[in-house]
Amino acid sequence: MRFGRPVNPDMEVRTEVIAQFKQVAQEQDKELAPLTDDLALIDCGLDSLCFAVVVARLENSLGVDPFSTDEDVRFPVTFGDFIRFYEHAAR
Amino acid sequence: MNMQRGSLISLSNAIAAAGALSSRLDAGVEGNASWGELAAGSALDLRTDELRGSSVLLAVIDQFSAAAAMIQLDGVARRMALYPPGLSREHLAYVAETAGAGVIVTDQPLSEPGNSRDVSIAREVPITRGRAESNAETLAENSPVETEWILLTSGTTGRPKLVQHTLASLTAAIEPGHRPGRAWSTFYDIRRYGGLQIFLRSVLTGTPLVLKSAQQSVAEFLTRAGELGVTHILGTPSHWRRALMSPAANSIAPQYVRLSGEIADQAILNNLRRQYPRATIAHAFASTEAGVAFVVEDGLMGLPADSLMHTPGVEMKVEAGTLRVRSNRTATRYLGDDGPPLKDAEGFVDTGDAIELRDGRYYFAGRRDGIINVGGLKVHPEEVEAVINRHPQVSMSLVRSRKSPITGAIVVADVVLKAPPSTDNGSTPALQRDILQFCRAELALHKVPAAINFVPILAVSDSGKMVRSHA
């Protein structure tokens with residue numbers, strides 16, 4: 001029984017992305033900035049390796065890797081961009 | 001200013017020959033100095049007169065001290081080994097011993113925790129940031145020796161491999177001569193082959209050079225590089241992917257963007273083209289052992305087939321599926337390694353990189369030896385497997401590469417447990433986390449798997465080895 005499970009798939013993406021950012025930051029002993037939509041990714045406290053781990057795990061959990069779907073994909077700059085990037089790909 | 005290739009005697013001599021003594025090296029808060037001051041030995045408190053003819057291990061943290069010390073020691077030390085900043089200090093004793101280093105030049109006291117226990121074979125020469133009395137007379141008085149340069153690269157067992165070069169082999173791909181208006185920068189540390197090329201290029205051409213200090217964030221570094229008018233800049237594809245995630249990518253306006261250290265894919269080349277429409281986007285293939293083999297500037301991944309035949313000064317061939325390189329840029333030999341020699345009998349270096357010809361172009365198809373390149377750092381699967389296999393609940397494991405849009409590749413592990421995981425809710429993730437924790441305690445972070453998959457069985461070949469499917 002899963003009470004309180006978000007019914008909106010976009011909420012599910014957001015929840016999962018936030019969970020992975022927090023998990024990887026904790027594992028690699030990084031201090032994570034508060035995850036607001038206008039936070040620049042480069043300032044969030046995760047390095048490239050952390051991002052690579054986050055993207056790999058999101059591919060496992062959400063079944064998509066929006067970075068690799070298209071050679072002309074634009075890299076997200078803010079945390080909000082990052083979420084929308086996954087929401088868009090997950091649809 | 002008459003510097004012929006092959007007659008290059010020392011870096012301080014090269015600075016004098018380039019004649020741009022007032023151009024500056026800037027490494028943010030770590031320090032800055034003109035090439036003239038660096039050649040005169042007045043930028044760093046390091047007495048080199050006592051180090052003449054010695055074998056020296058240069059194990060400093062900051063890039064400014066490393067740059068200044070390299071200039072002061074080249075032509076003075078018999079041998080100079082460069083300890084890269086990311087490498088655990090537990091290998092210090094092994095490297096010092098293998099390099100026959102009688103002296104360790106360091107900005108971190110060797111008595112600090114984390115250093116290897118026994119470095120007593122070598123004398124510690126501490127350096128501190130700050131100005132020194134000019135060493136110019138000692139540098140000029142004595143005739144320079146041809147210093148052996150030792151670079152470190154990762155080895156199968158976790159111990160670094162020591163690769164010997166000369167200043168001539170390290171600079172053979174560089175066109176000397178000052179080109180006014182240029183300023184170089186590199187994300188890549190100058191103690192690794194790719195970054196060292198940019199450092200030497202700046203020294204030989206008297207070009208200003210902007211380095212990233214350890215304290216600077218990527219955004220701060222890019223902003224600084226923009227302020228200092230950087231025109232030419234090197235990074236790995238992973239460095240560039242990270243830079244393009246920052247609004248600070250807009251603060252530089254380069255004419256030339258170079259990628260090396262990892263295979264460049266089409267997505268990063270396209271992204272850089274869009275971000276810097278007026279820049280030449282070049283990707284280079286180089287390795288510590290093989291030197292710079294080729295540079296591709298047509299904006300496409302891979303290499304035109306005729307470049308393989310017609311790159312001036314470099315002979316390349318494909319044998320048994322991997323790229324082989326012979327040139328005056330290759331390293332001389334490995335120090336203290338009992339593995340296969342660095343070159344074959346004809347002088348070719350096997351890069352170990354598998355390449356495939358498709359429609360008139362060669363494309364990289366992974367490593368024959370299974371080495372995984374995580375953002376420019378090499379991982380040997382066997383080393384990671386050895387750690388995972390020590391976990392009490394693990395029977396065997398296979399570590400493999402998975403493509404990553406951020407770091408090119410990341411490490412994942414397929415693990416067979418001694419007993420099947422309990423089906424209780426939550427025990428599988430807990431055990432995965434426990435194995436990852438076990439890995440983090442033993443391995444550098446880029447070697448720790450991003451994911452652990454429990455599998456019932458791993459394929460073993462007739463010869464008793466695990467079946468690995470590379471690339």
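Analyst: A residue counts as buried if 20 or more other C-beta atoms lie within 10 Å of its own, as exposed if 12 or fewer do, and as partly exposed in between, with C-beta atoms placed from the backbone. This is a predicted model, in which local features need pLDDT of at least 70, side-chain atom pairs count only at pLDDT 80 or more, and totals for chains, interfaces and linings use all residues. Residues are numbered from 1 along each chain as its sequence is written, while chains are lettered from A and ligands numbered from 1 in the order in which they are written.

User: Is D29(A) buried or exposed, and where is D29(A) found?

Analyst: D29(A) is exposed, with 8 other C-beta atoms within 10 Å, and its place is the loop between α1 (9–27) and α2 of chain A; helices (H or I, at least four residues) and strands (E, at least two) are DSSP runs, numbered from the N terminus.

User: What is the phi of D29(A)?

Analyst: Most residues other than glycine have a negative phi. For D29(A), however, phi is near 60 degrees, which is a positive value in a residue other than glycine. A320(B) also has a positive phi, near 50 degrees, and sits in the loop between β18 (314–319) and β19 (322–327) of chain B, where it counts as exposed with 8 C-beta neighbours inside 10 Å.

User: Which residues of α3(A) are buried?

Analyst: In α3(A) the buried residues are F79(A), F82(A) and Y86(A). Viewed down the axis of α3(A), they fall within an arc of 60 degrees (taken from the directions from the helix axis to the C-beta atoms), so they line one face of the helix.

User: How many residues are in the largest nonpolar core?

Analyst: A nonpolar core is a set of buried Ala, Val, Leu, Ile, Met, Phe, Trp, Tyr and Cys residues joined through C-beta atoms within 7 Å. The largest one here has 154 residues, and those with the most contacts inside it are L57(B), L58(B), A69(B) and A81(B). Helix α2 (residues 48–62) of chain A gives the most to this core, with nine residues. Domain 1 (11–354) and domain 2 (372–454) of chain B both give residues to the core, so it lies between them; such bounds come from an automatic or database domain assignment.

User: Which residues does A81(B) touch?

Analyst: Leaving out residues up to four places away in sequence, A81(B) touches L57(B), L58(B), V95(B), A99(B), A101(B), I150(B) and L162(B), where a contact requires C-beta atoms, placed from the backbone, within 7 Å.

User: How many residues of domain 1 of chain B are in contact with domain 2 of chain B?

Analyst: Twelve residues of domain 1 of chain B are in contact with eleven residues of domain 2 of chain B, and α9(B) gives the most to the domain 1 side, with three residues. The C-alpha centres of these two domains of chain B lie 31 Å apart.

User: How many residues does the contact take from chain B and from chain A?

Analyst: The contact takes 25 residues from chain B and 23 residues from chain A. On the side of chain B that touches chain A, the elements that give two or more residues are α8 (218–227), α9 (237–244), α10 (266–275) and β25 (394–404) of chain B.

How values were computed. Contact = placed C-beta atoms within 7 Å.
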